[in-house]
Amino acid sequence: MHALRGVDAVFRKGEFTAVMGPSGSGKSTFLHCAAGLERPDSGAVLTQGRDLVRLPERELTRLRARTFGFVFQSFNLLPFLTAGENITLGPRLAGLRPDPVWRDGLVRALGLTERLDHRPAELSGGQRQRVAVARALVHRPCVLFADEPTGNLDSRSSARVLDALRRTVSEHGQTVVMVTHDPVGAARADRVLFLRDGTLGEELTAPDPAAVLDRVGHWGDL
Ligand SMILES: Nc1ncnc2c1ncn2[C@@H]1O[C@H](COP(=O)(O)OP(=O)(O)OP(=O)(O)O)[C@@H](O)[C@H]1O
Ligand SMILES: [Mg+2]
């Protein structure tokens with residue numbers, strides 16, 4: 001049984017792509033393969049002229065740390081570090097020094113300035129996820145991948161996280177690939193890819209919520 005089969009996709013610089021599909025359709029697997037977190041058994045994942053699938057583990061880890069940012073549904077923040085420490089830990093471990101002006105601008109734009117000294121347990125879900133977004137963007141990755149970043153959030157917190165993602169694309173030319181179950185969230189993207197049984201179907205460009213809903217309505221299992 002294949003989690004993905006015959007999947008072919010291009011993510012252009014500065015484009016915001018949403019990926020939708022029923023549970024078990026392969027969305028997370030697709031994102032993990034694209035981000036070099038999992039290796040497909042066959043095929044290629046090309047970025048900056050290199051094929052991630054064929055890179056030795058050490059090089060892949062290095063490239064991933066510098067080139068990609070990843071936001072998980074469950075935040076994955078370290079509980080014993082403050083928000084500020086969580087945001088800069090990754091680059092520090094990779095021996096990178098994030099640009100302080102960029103970092104401060106990001107923290108401000110995400111509304112986290114007053115929360116930097118708090119630990120995750122002292123933050124709301126929405127604030128935690130915005131810390132996770134800041135952490136994923138602090139080293140200015142070529143691509144930001146987000147796997148259901150609003151899956152655990154109420155609608156107000158979701159809207160703030162989606163605003164933040166949309167703004168990094170529109171204002172800073174960030175490339176974003178986001179898995180979501182939410183038609184309203186998907187409609188913030190520039191295009192939506194639909195996965196079903198590990199295969200990509202047609203895509204929707206300049207989506208609006210009604211068009212997305214119309215499309216996912218056929219699945220009946222969301
Ligand atoms: N490491 C793995 N080994 C074998 N099968 C796996 C592995 N990871 C996922 N799968 C299977 O691959 C399929 C796709 O899983 P995936 O997690 O990518 O789905 P998804 O679309 O992200 O679902 P959800 O919306 O529930 O998060 C599922 O049938 C799953 O059981
Ligand atoms: Mg998933």
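Here are some questions and answers about helix packing, pockets and a cavity in this predicted model.

Reader: Let's start with the helices. How do α3 and α5 lie relative to each other: roughly parallel or roughly perpendicular?
Author: Helix α3 covers residues 83–93 and helix α5 covers residues 125–137, and their axes sit 7 Å apart. The angle between the two is about 30°. Angles under 35 degrees count as roughly parallel. So α3 and α5 are roughly parallel.

Reader: Which residues of α5 meet α3?
Author: On the α3 side, the residues in contact are A83, N86 and I87. By class, this contact has four nonpolar, one polar and one charged residues. The α5 residues are V131, A134 and R135.

Reader: What is the handedness of the crossing of α3 and α5?
Author: These two helices pack at an angle of about 30°. Their crossing is right-handed.

Reader: And α5 with α6: roughly parallel or roughly antiparallel?
Author: The axes of α5 and α6 come within 9 Å and cross at roughly 15°. That makes α5 and α6 roughly parallel. As for handedness, α5 passes α6 in a crossing that is right-handed.

Reader: Which residues of α6 does α5 meet?
Author: From α5, the contact takes in G126, Q129, R130, V133 and L137. By class, the contact between α5 and α6 has four nonpolar, four polar and two charged residues. The α6 partners are S157, R160, V161, L165 and T168.

Reader: Now the pockets. What is the volume of the largest pocket, and which residues lie nearest its centre?
Author: The largest pocket has a volume of about 1,100 Å³. Its lining is made up of 40 residues. Nearest the centre of this pocket lie A9, A34, A44, V45 and L46.

Reader: Which element gives the largest share of that lining?
Author: The elements that give two or more residues to the lining of the largest pocket are α1 (27–34), β2 (46–47), β5 (143–147), α6 (155–172) and β6 (175–179). By class, the lining has 21 nonpolar, twelve polar and seven charged residues. The largest share is four residues, and it comes from α1.

Reader: How many residues line the second largest pocket?
Author: About 560 Å³ of space lies in the second largest pocket. Nearest its centre are A65, F68, F70, G90 and R135. By class, the lining divides into 13 nonpolar, six polar and two charged residues. The number of lining residues is 21.

Reader: Which element gives the most to the lining of the second largest pocket?
Author: Elements that give two or more residues here are α2 (57–67), β4 (68–71), α3 and α5. With five residues, the element that gives the most is α3.

Reader: How much space lies in the largest cavity?
Author: The count comes to one cavity of 30 Å³ or more. The space in the largest cavity is about 40 Å³.

Reader: Which residues line the largest cavity, and how many of them are charged?
Author: The lining is formed by C33, G36, E38, R39, P40, V45, L52, V53 and L60. By class, six of these are nonpolar and one is polar. The charged residues number two.

Notes:
Residues numbered from 1 in each chain as written. Chains lettered and ligands numbered in written order. Predicted model: local features only at pLDDT ≥ 70, side-chain atom pairs only at ≥ 80, totals over all residues. Heavy atoms only, no water. Axes fitted to C-alpha atoms, helices over the stretch in contact; angles between N-to-C directions. Parallel < 35°, antiparallel > 145°, perpendicular 65-115°, else oblique. Left-handed = near helix turned anticlockwise from the far one by under 90°. Contact = heavy atoms within 4.5 Å. Nonpolar A, V, L, I, M, F, W, Y, C, P; charged D, E, K, R; others polar. 1 Å grid on protein atoms, 1.4 Å probe; cavity = no way out; pocket = protein on both sides within 12 Å on 5 of 7 lines; lining within 4 Å. Points joined across faces, edges and corners; volume = space filled by probe spheres on them.
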